[in-house]
Amino acid sequence: MTNALLAQFIPEARELLERAGSGLLALEKSHSAEALDEIFRAVHTLKGTSGLFDIAPLTNLVHAAEDLLVEVRAGKLALEPEIVDGLLDSLDLVGHWIDALETREALPDDAADAMSGRVVALRGWLEASGPAAAASAVASEAAPDWLGALPEAARQAAYASGSPLVAWSYEPDETCFFRGDDPAHLVEQAPGLLGVRVLPRETVPAPEFCDPVLSWLRYEALCAAPAEALSEHLRYVSDQVQLSPITPDALVILAGPEDAAEVFGDFGVRARALVATGARAELKAAAAALLGIIGPATRQAAALRRIAALAPTAAADALQRLVAAIDGAAPARPVSAAMAAPPPAVAAASAGADAPLRQRAEAILAAQAEMLDVPVEAALDAGRRESVRTVVLRCLPHLAPARAEALTAALARPGDAAALRAVLREGEDTASASAVVPAPKAVQKPAVSTAPTAPLTAGPPAEASENGTGSGAAPARMLRVDQAKVDTLMNFAAELTVAKNGLAYLAGRVEQVSGSRQLGREIKEQYAVIDRIAQSLQVGVMAIRMMPVSQVFQRFPRLVRDTMRKLGKEAELVIQGEDTEADKNVLESLADPLIHMVRNALDHGIETPAERLAAGKPAQGTLRLSARQENDNVIIEVADDGKGIDPDVVRDKAVRVGLITPDQAAQMAPEEIVNLVFAPGFSTKEQVSDLSGRGVGMDVVRNAVRKAGGDVWLASRLGQGSCVTVQLPLTMAVTRIVTVEAGGQQYGVAMDAVAETVKVPLGQIHRIKQRETFVLRDAVIPLVRLADSLGLAPATGAPPDEEAVMVARVGRERIGIVVDGFRERMEVIVRPLDGLLAGLVGFSGTALLGDGRVLLVLNLPDLI
Amino acid sequence: MARILVVDDATTVRMYYRDVLEEAGFTVEEAVNGFEGLEKAVAESFDLILVDVNMPKMDGYAFLRQGRTMPELQAVPAVMISTESAAQDRERAYAAGANLYLVKPVRPEVLTEVATVMAGVVP
């Protein structure tokens, strides 16, 4: 159960984080109450859900963020950019933790430390907005069960102090002395220390085995200080410490045997009257007088001592609770605490029926009484009484017979609500008395680390549609599938596509060997059928892997915002075509290059507001991120309206670093020149920038994109901006190729790269500056002989009277590649070269042909 | 077989309740907000409703208030489960018509006991 639950939590948490993050960015642009609600709800849900797991640092951090948002929502705190930064950073940290949960099913070891740092920062803004808010933020945790063992004086001092209280325990590591820790000193120095007790640990070895230089102690202490201050103080031993912020109420622990003397009833009546009239001095005197006549060890005596001490200052309701603890007329602690755990002592005492259920039923009955005390709108009253009736009837089978009879009798008089309430309360004595010493066993949270969990697909968030679902609309039925399964399916589909090529080869063989044209044709027909099915299968499987580009784009609003803040520039991000889909692997290969390109555009492209105004542009720049599909490719463009790239600067630089000769430089068009920024080792920005490295990143970008089977190029207009275009194949699994022959060898060329194939008569090939060219529809196209590029001997025999030319697109240029001939077209799986061959330049990989031969597939951009 | 409706916008939380309650032999239906909860609660009958506080479209308070005025729902016991433990939150829940207020995270055995008693499972 646990791991399935965690596997469910991880994508949900990511989606909530994403929603909160993008909400914050939107909120910064324009304030909207709905956006704020949305963010708050996301953070709130995350906090509530994270409580199901044993990941306290995460819950605490999200809790602090939620508290901050509460203040913002209440209008008590303005959402300054620094606060947005703080919240975003915290969400990022939580995101990292979620990643860690996914990979190792536990938070990182430093999570507690990292959490306390962030929480201090978040609480800092809270305290600035109002101390009351900060105090309320820590007043909700369950009190540890050893609290009652602390000296009563310490607890009384704490109750009166009015500052936030933390009960904490500390079990120093056995070997702590060897690491230079001084536990006693650390405890003594704790901020706001009110009381401490030292005891041996639960498990101490027998004396003859006990190593005296190891620590076997446990400290339990109470401090009047904010939890953050304590976690800061104890940060180096955070793994050995348990902090529990507590409310002053939790300190009202009255230990000792019960004394059932009638005198308490009289005292109760009088004390209530004194509290109500504000006669605090008399209350104190009455308590002192009663103390004089009863034994000091009873729990009533403890309550009386407290009343005597607190009478002059305490709030009336606190005193009422203490009085109630003496005469037993009301619970000494809120009923919710009674719900927290069935006390074993009472459970053991009850005879017959299932004791925990009896206890539970009593607590539920007490809640009904409390509910009936709360005033309600008239319209709801009848319904509420009906529901109470149902609940009471359902509790009856779990109760002792006498109690059930009393309740049944009270229910039989439906008009008499007061009587029902009184009867309901009768069970409270046992419930509340036992609740006075709460025994909150550690909440049994599902352990986070057990058996390995199934890997998760980072599929589109299924909950998004669900949360937005209105009445009636059925949520889209989603299936979470392990990505490895889809990959396996994809591989089989691809293998099938390749294997079917064998049939075409077989048909040819049948015709050659047996001379049966009929049989060959039949095989070809069968091939066509299998071909169609294989293609449908491949398209279908591919569709599973297709993801919208928005998966990659969604991180950019944040990136642009943060980068702009760092650079002191202003830019608006425009995203277009985020619904365009591409294969998951392709998108993943795109993610890093895209970050680099966006950072480059922001860092080097967009000018400062002052520069822009001086150039007659709006102070705010625009960065356009767009995606679209063209044939079998995804085209991604990163365009800015910044200062553009100066071809003269690039030209000079390229010549200076020896990238091109001055002669070459003179021949190159400005469009070609600017694309030199992709050359290895080129940098237009002289100084190192903290954001985009040294500007050498563009060659890395080109390498990454080419590795994924795509290409990248740049267009720029000086003073008007630049546009980087990335072209990637829709999928990387299957490549359509055409085989060509050169120097007696066969090679594959990806069809994507081939614009067209033409036969060029020898007479139309001209030499221009030592380079062969030909004219294709008024465009001069340079020619490259493939055999030369590959270092092969040219084909022997008489030169043909026309050349077979493959016109290839390399970037935005067209180049004619002269080959000896074209062979068939087919679909193959291109496997990258590995081992010794991995270093070969000019090949994107190998493909297995239908007849078992291995084909080298060319990578034209590398080759030319 | 006692039937329980779980109304919470967090998928993981619903899954947790479902795991625990189905293990204990209950039949569990889910709704992602108060609106859907009302629709399901009216269309089918339930022995117990567990409802979250903060949800989009219709929150837990509105869900309870609406439910207590509807003949089909007014007698059905309802437990509100929240992350807040302050007394005023509990009172708000009672004022809206909750029969019990629990604070997240609810331990599996507490959830099972509460469901057993309030959904009317006779021992």
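Helix H22 of chain A passes helix H23 of chain A in a left-handed crossing (the near helix is turned anticlockwise from the far one by less than a right angle). What you're looking at is a predicted model, where local features need pLDDT of at least 70 and side-chain atom pairs count only at pLDDT 80 or more, while totals for chains, interfaces and linings use all residues. Residues are numbered from 1 along each chain as its sequence is written, with chains lettered from A and ligands numbered from 1 in the order in which they are written.

- The scores are ipTM 0.92 and pTM 0.49.
- Chain B has a mean pLDDT of 89, and 99% of its residues reach 70 or more; pLDDT is the predictor's confidence in each residue, from 0 to 100.

**Where the chains meet**
- Chain A brings 53 residues to the contact and chain B brings 48; residues touch when their C-beta atoms, placed from the backbone, lie within 7 Å.
- On the chain B side, two or more residues each come from helices H1 (11-23), H2 (34-43), H3 (60-68), H4 (87-96) and H5 (108-118), and from strand S5 (100-103).
- Helices (H or I, at least four residues) and strands (E, at least two) are DSSP runs, numbered from the N terminus.
- That chain B side counts 26 nonpolar, 11 polar and 11 charged residues (nonpolar is Ala, Val, Leu, Ile, Met, Phe, Trp, Tyr, Cys and Pro; charged is Asp, Glu, Lys and Arg; the others, Gly among them, are polar).

**Helix pairs in chain A**
- H22 (483-513) and H23 (517-545) of chain A have axes that come within 9 Å and cross at roughly 165°; axes are lines fitted to C-alpha atoms, for helices over the stretch in contact, and angles run from 0 to 180 degrees between N-to-C directions.
- That angle makes H22(A) roughly antiparallel to H23(A), a label for angles over 145 degrees.
- The contact of H22(A) with H23(A) has 19 nonpolar, 4 polar and 6 charged residues.
- H3 (56-73) and H4 (81-104) of chain A pack at about 155° with their axes 10 Å apart, so H3(A) is roughly antiparallel to H4(A).
- H3(A) also passes H4(A) in a left-handed crossing, and the residues in contact include Leu61(A) and Leu68(A) from H3(A) and Leu93(A) and Trp97(A) from H4(A).
- By class, that contact of H3(A) with H4(A) has 9 nonpolar residues, 1 polar and no charged.

**Strands in chain A**
- An open sheet of 6 strands with mixed pairing runs S14-S18-S19-S17-S16-S15 in chain A; strands pair if DSSP finds at least two bridges between them.
- S14 (754-761) and S15 (766-768) of chain A stand at the edges with a single partner each, so one side of each has no neighbour in the sheet.
- On average, neighbouring strands of this sheet are turned by 40° against each other, direction ignored.
- Within it, S18 (802-810) and S19 (813-819) of chain A run antiparallel, joined by 7 bridges, and Ala804(A) stands opposite Val819(A).
- Strand S12 (735-742) of chain A runs antiparallel to S20 (821-828) of chain A through 6 bridges, and antiparallel to S13 (745-750) of chain A through 6 bridges.

- Lys104(B) and Pro105(B) are joined by a cis peptide bond, with omega about -5°; Pro105(B) lies in the loop between S5 and H5 of chain B.
- Asp778(A) isn't a glycine, yet has a positive phi of about 70°; Asp778(A) sits in the loop between S16 (771-776) and S17 (779-785) of chain A.

Methods: Two residues are in contact if their C-beta atoms, placed from the backbone, lie within 7 Å. Angles under 35 degrees count as roughly parallel, over 145 as roughly antiparallel, 65 to 115 as roughly perpendicular and the rest as oblique.
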